[in-house]
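Subject: Structure for you to look at

Hello,

Here is the structure I promised to pass on. Please open it first, then read my notes below.

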Amino acid sequence: MQKVITWGGRAALLVVLAVCLAGALDPHYNARKWAPPADATMHVIYGYLLTVLTILSLPRTKPWLIGGFYLALGAGLEITQIFGVVSGTFQFKDLVSNVAGVAAVLVPMALAKRKAR
C-alpha cells in the first residue's frame, strides 16, 4: 500500500508541476479562468479551519470523528437548504468544497501517521 501512496503522490506532483509550468510559460495565461468561485473557496477554508481548530481544542477526540462530524454537518446544512429550512440554495460544489477542506486536514495527518509506523 505504501508503494501505491508513493507513486500516487509522484503522479499528482507531476500533474501539478506540469500545470504550473504551462501557466508560467504561457504569455496569455488567464488565472481568473482557473480560480474557484469565492463561495467554494470559503467552504474549503471554513472546513479546514473548523477541523484543525476542533482537533486542537479536543485532543482526546479522534480526528476522524471530528472530520466526520463536520462532513455530516455540512451535508445536513446543504440538504436542509433544499427544503428552505436554512437560507441559501443547495449546491453540489459546496458539498465537494466541504469535503476538500476536511480532507486537507485529515489526509496529511493520516499520511504522517502511516509514515511514522
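Which residues does Leu95 touch, not counting residues up to four places away in sequence? They are Gly74, Ala75, Glu78 and Phe90. Contact here means heavy atoms within 4.5 Å. Leu95 is found in helix H5. Helices are DSSP runs (H or I, at least four residues), numbered from the N terminus. Leu95 and Gly23 are 72 residues apart in sequence, and 28 Å separates their C-alpha atoms.

Some ground rules. This is a predicted model: local features need pLDDT of at least 70, side-chain atom pairs count only at pLDDT 80 or more, and totals for chains, interfaces and linings use all residues. Residues are numbered from 1 along each chain as its sequence is written, and side-chain values use heavy atoms, with hydrogens and water left out.

H3 with H5

Helix H3 covers residues 38–57, and H5 covers residues 92–116. They pack at an angle of about 35°, with axes 7 Å apart. Axes are lines fitted to C-alpha atoms, for helices over the stretch in contact, and angles run from 0 to 180 degrees between N-to-C directions. On the H3 side, the contact includes Ala40, Val44 and Ile55. On the H5 side, Ala100, Val105 and Met109 are among the partners. By class, this contact has 11 nonpolar, 6 polar and 3 charged residues. Ala, Val, Leu, Ile, Met, Phe, Trp, Tyr, Cys and Pro count as nonpolar, Asp, Glu, Lys and Arg as charged, and the others, Gly among them, as polar.

The salt bridge

The whole structure has 2 salt bridges. Each is a side-chain nitrogen of Lys or Arg within 4 Å of a carboxyl oxygen of Asp or Glu. One of them joins Asp39 and Lys93, at 3.2 Å from N to O. Asp39 lies in H3 and Lys93 in H5, so the pair ties together parts 54 residues apart in sequence.

H3 with H4

Helix H4 covers residues 63–82. The axes of H3 and H4 come within 10 Å and cross at roughly 145°. In H3, His43, Leu50, Thr51, Thr54 and Ile55 take part. They meet Pro63, Ile66, Tyr70 and Glu78 in H4. By class, that contact has 5 nonpolar, 3 polar and 1 charged residues.

Best wishes

Notes: Helices (H or I, at least four residues) and strands (E, at least two) are DSSP runs, numbered from the N terminus.
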